[in-house]
Amino acid sequence: MQALYAQLLVGLINGSFYALLSLGLAVIFGMLNIINFAHGALYMMGAFVAYFLLNLGGINYWWALLLAPIIVGIFGMILERTMLQWLTGLDHLYGLLLTFGIALIVQGVFQNYFGSSGLPYAIPDQLKGGMNLGFMFLPIYRGWVVIFSLVVCIATWFLIEKTRLGAYLRAATENPTLVRAFGINVPRMITLTYGLGVGLAALAGVLSAPINQVRPLMGADLIIVVFAVVVIGGMGSIMGSIITGFALGVIEGLTKYFYPEASNTVVFVLMVLVLLVKPTGLTGRAA
Amino acid sequence: MKTKSIASFLLGTALAVTITGVAFAQDKTVKIGALSDQSGLYADLGGPGSTLAAQLAVEDSGLAAKGWKIDIISGDHQNKPDIGTAIARQWFDVDKVDVIVDVPNSGVALAVNNVIKEKNGVYINSGAATSDLTNAQCSPNTVHWTYDTYMLAHTTGQALVKAGGDTWFFLTADYAFGAALERDTTAVVSANGGKVVGGVKHPLNTPDFSSFLLQAQASKAKIIGLANAGGDTTNSIKQAAEFGIVKGGQKLAALLLFLTDVKAIGLETAQGLNFTETFYWDMDDKTRAFSKRFADKMKNNAPPTMVQAGVYAGLRHYFKALEALGGNPHDGVKVVEKMKSMPTEDDLFGKGLIQPNGRTIHNAYLFEVKKPSESKGPWDFYKLVGTVPGDQAFTPLAESKCALLKK
């Protein structure tokens, strides 16, 4: 039983990465209608920016949490301005192919210069060590990841669903022409939204840097699972993707305990089951 | 009109003479295929560095000056046996490759082994670990150069059991390599009076090991054996530190650890780990000289790993065999027989030999990862703890099930 609690907690930790990443994807898909395959590459860039900030600029983890999302977010906005914006109104496939291409290029460039086995990034001193919870030894850093990403997820949900700005955004997705008639700069808003989604990916990257290696392919390994999370949660649903992210982390954690060989397929089995029963995803509305 | 047709007749005869002339002379063209993981989790320990090692081997062989024409092509097997065998087949059928080198990932290596045997090529494997390549699945076309799972088990594994680590829990990569390493290590643990109390098989390329590490922690085993490699090993070690496993009194056995892995983990976390390799760049003047040449040509200035060193040394020996044969390098079995008949000697692995089953025998070295304060340079990572002579490190012929030995 103790082991089970521990696995549940570990699942939640992984779930927080899924949640943060799928949240960014859901925001981008919901607002821009773009299936952002570059998300994994941008997540990886977040981790690398944190690494550079520390090793080249001596800027610590805490500043990286703030700066990396901004830097990568700006990179994302440049992508949106120069490339993605021309795809408005076209089939989803175009966005998917373009962002997939971008992901391959970005990963290739990083791999060319940094190899594939990764660079070390130490856990910040304040979060080193762990505590004994009785049923498991919880590294403080992991606890921090769960709490921090929960806060970020809820803040994002609040921003989009409960504030005036979020209302504009949602309105602009429904009917851009009408919203523009009210004097709101819709293209700029869309660019900023993409920047926000990308920033969330970069933030997840910084969070994961001390746990995993800072590797060019760290995003590519994760992104497929995250897409499954978004599909299960319902494309474009903010709350759906947060809840599914955490839930799937837990389910995956339990699989690792009961039948480890299946741990990297269980998410996809679930995806198939959900799609068979409810093709719009768990919280999705019929289009 | 008539003079013209006579001229073309003469030209035709001349051409025919030239062609038969070539056929009579010794054929001195060789094509090398460097098949590796060029972009995945094993790319840094083999990958582009192995291709570079092959190029250096060609340069140093001096065969070009003796009329040989040697080409190198490279391919990415992406850690998938089907892709690996498809490339190998194309190389033999279309590109006329004579020798395939490197091939990390035991799953791919065993699959490619069959293709090379079928096509009568030469296989100098450096990157793969499975001892099956020269045991149950041995082939007259194969030389397994650098290391194998038997050697890892009988060096690192044995040393740990003898030091009191008598209960083991395995974290095993769920494919041919992990299974072979766990099998060989389990045999050593049992033979020395130890016990395996449990284990878990994880998928290849797992980013998060916390679930598995918790199970290892709960098992209370004294040693957690990492029967995995590359990124899987670095992630296991890093996350084990995070979960306080080493502080809690359990010891990690990194059964297979490469130079690039230590770099990725960082000395802070990796210090004190014991493991075995057959080559390290900083052994003596000869290895340092080669490593400097190598590093200068690498994009990130990394010195060679033992896998890349094995590609170089294996090819150097292959070239010596070709020179001894004088030409016609296309009969794989014949070339490998020649390689086995000559003792091996090179700057990187020293003196050794190739057993009839294809296993190269050379010294293995027990290393310990240095403390950050002991490290003097960007790649100064290892302290030599002990040397195991080749005949004690690798499978004794009497224990080998290789069919080639029953002749």
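**Around I100 of chain B**

Not counting residues up to four places away in sequence, I100(B) touches G33(B), L35(B), A88(B), W91(B), V112(B), I116(B), G121(B) and Y123(B), where contact means that two C-beta atoms, placed from the backbone, lie within 7 Å. This is a predicted model, in which local features need pLDDT of at least 70 and side-chain atom pairs count only at pLDDT 80 or more, while totals for chains, interfaces and linings use all residues. Residues are numbered from 1 along each chain as its sequence is written, and chains are lettered from A and ligands numbered from 1 in the order in which they are written.

I100(B) and A202(A) touch the most other members of the largest nonpolar core, which has 213 residues; such a core is a set of buried Ala, Val, Leu, Ile, Met, Phe, Trp, Tyr and Cys residues joined through C-beta atoms within 7 Å. A residue is buried if 20 or more other C-beta atoms lie within 10 Å of its own, exposed if 12 or fewer, and partly exposed in between. Helix α1 (residues 2-32) of chain A gives the most to this core, with 18 residues; helices (H or I, at least four residues) and strands (E, at least two) are DSSP runs, numbered from the N terminus.

In chain B, an open sheet of five strands has the order β2-β1-β3-β4-β5, with parallel pairing, two strands being paired if DSSP finds at least two bridges between them. At its edges are β2 (69-76) and β5 of chain B, each of which pairs on one side only, and the twist from one strand to the next averages 20°. Three bridges join β4(B) to β5(B), and Y123(B) has T142(B) as its bridge partner in β5(B). Helix α12 (residues 306-325) of chain B packs on this sheet, touching β1 (29-36), β3 (99-102), β4 and β5 of chain B, and its direction makes about 155° with that of β3(B); here axes are lines fitted to C-alpha atoms, for helices over the stretch in contact, and angles run from 0 to 180 degrees between N-to-C directions.

The loop between β4 (122-125) and β5 (142-144) of chain B holds N135(B), which counts as buried because it has 23 C-beta neighbours inside 10 Å. Leaving aside neighbours within four places in sequence, N135(B) is in contact with T395(B), S400(B), K401(B) and C402(B). The C-alpha atoms of N135(B) and L397(B) are separated by 9.2 Å, although these residues are 262 residues apart along the chain.

A further open sheet in chain B consists of three strands in the order β10-β14-β15, with antiparallel pairing. β10 (274-277) and β15 (382-388) of chain B each have a single partner strand, so one side of each is left without a neighbour in the sheet. Six bridges join β14(B), residues 364-369, to β15(B), and L366(B) is bridged to G386(B). Helix α5 (residues 149-162) of chain B lies across β10, β14 and β15 of chain B.

Turning to the contact between the chains, 36 residues of chain A are in contact with 35 residues of chain B. On the side of chain A that touches chain B, α1(A) gives the most, with six residues. The residues of that side divide into 18 nonpolar, 14 polar and four charged, with Ala, Val, Leu, Ile, Met, Phe, Trp, Tyr, Cys and Pro counted as nonpolar, Asp, Glu, Lys and Arg as charged, and the others, Gly among them, as polar.
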